[in-house]
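Here are my notes for you, point by point. Keep the structure open beside them and look up each residue as you go.

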Amino acid sequence: ERLSCNMAAGVPDPALYTCGQGLEGELGIGELTDSDVPVPVIFQRPSSLCHECPSPADSADEEEAQMGGEIVNGVDHQGHRDGNWRQVTVVQVSVGAHHVLAVTASGHLWSWGKGTSWCLGHGNQEDCVEPTQVEFFGPASGRRVVHAAAGQYHSAAVTTDGSMYTWGLGREGQLGHGNCSPCHLPKKVRALAEHKVVQCSCGDC
C-alpha cells in the first residue's frame, strides 16, 4: 500500500522517499494526496527555530542540539529550497497501517500520518501530514532511539540503553504494560527491564 525507502548512496537530498496512499498524511509531504511515484519526505525545522533565527553557519551548535547534528539545507517536495526546512539522516523506517515512524542517525524519532489512538506519540490523536519530532525522545530527553516499529494503532521504540517503550491503543494488551489501557505517550515496558532489547516489531493488534 505504501513504500518507504532510504536514499541510495550518492543520491542528493532528501534522504527519504514515500509513495502510495496518502489521504491520511501517510506520505509525509504536507498534503493529503496519493502518489504513484516516490516523492521526497521533508523534515521541517522545529518550531522553536523561527524564521528570524541565524543561518545554520551562525548557529550550528544550537541547531545541532535541536536537530541532532543533521544540519543541511533541504528542499520541499516540489523542489523549492526553503531555509525553514532541514534534511535529516534517516537510518530506519517502519510503516504501519496508517502512520509512519522514522529514526534518525542521532537517535531522534519522527512520526506522521493518522493519529488515531495516540499512535504518533505526541499525546493527542491529531493527524500529522508531515514529519513531526516525538518530543519524548527529543534532544532534551537524553533518550536516543535505535529502532522503532509502527503497528495498526500502536507503536514501539527501543533506546540505546536497551529499554523498550510502547504507546497507542492497548485494548488487546499489545503495549505490554499489564493492562488493556491506551498510552497517550511513550511508556517504558517494565516487564523487560532486566533485559536489553535490541529490536521491536508491532503487529495488527
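1. Start with strand S9 (residues 109-113), which pairs with S10 in the antiparallel sense over 3 bridges. Two strands count as paired if DSSP finds at least two bridges between them. Strands here are DSSP runs (E, at least two residues), and helices are H or I runs of at least four residues; both are numbered from the N terminus.

2. A word on where this comes from: the model is predicted, so local features need pLDDT of at least 70 and side-chain atom pairs count only at pLDDT 80 or more, while totals for chains, interfaces and linings use all residues. Residues are numbered from 1 along each chain as its sequence is written, and side-chain values use heavy atoms, leaving out hydrogens and water.

3. Now widen the view. S9 and S10 belong to an open sheet of 4 strands, in the order S7-S8-S9-S10, with antiparallel pairing. At the edges sit strand S7 (90-95) and strand S10 (128-133), each pairing on one side only. From one strand to the next, the twist averages 15 degrees (axes are lines fitted to C-alpha atoms, for helices over the stretch in contact, and angles run from 0 to 180 degrees between N-to-C directions).

4. Have a look at the loop between S9 and S10, where you'll find Ser117 and also Trp118. Most residues other than glycine have a negative phi. Ser117, though, has a positive phi near 60 degrees, and the phi of Trp118 is positive too, near 65 degrees. Ser117 is buried at 10% relative accessibility, and Trp118 is buried at 16%. Buried means under 20% relative accessible area, exposed means over 50%, and partly exposed lies in between (1.4 Å probe, protein chains only).

5. There is another open sheet of 4 strands, again antiparallel, in the order S11-S12-S13-S14. Its edge strands are S11 and strand S14 (183-188), each of which pairs on one side only. S13 and S14 pair in the antiparallel sense over 3 bridges; Gly168 has Cys183 in S14 as its bridge partner.

6. Which residues touch the most other members of the largest nonpolar core? They are Leu101, Leu109, Phe137, Val145, Ala148, Ala157 and Trp167, out of 13 residues in that core. (A nonpolar core is a set of buried Ala, Val, Leu, Ile, Met, Phe, Trp, Tyr and Cys residues joined through side-chain atoms within 4.5 Å.) Strand S8 (99-104), strand S11 (145-150) and strand S13 (164-168) each give two or more residues, and S11 has the largest share with 3 residues. A second, separate core has 12 residues, including Val41, Val88, Ala102 and Cys119.

7. How many disulfides are there? The count is 0, where a disulfide is a pair of cysteine sulfur atoms within 2.5 Å. Take Cys202: its closest cysteine sulfur, in Cys200, is 5.9 Å away, so that is too far for a bond. Cys202 is also buried, at 16% relative accessibility.

8. Lastly, check the confidence. pLDDT, the predictor's confidence in each residue from 0 to 100, averages 79 for the protein, and 72% of the residues score at least 70. Take care with residues 1-12 and residues 47-82, where pLDDT stays under 50.

Note on methods. Contact means heavy atoms within 4.5 Å.
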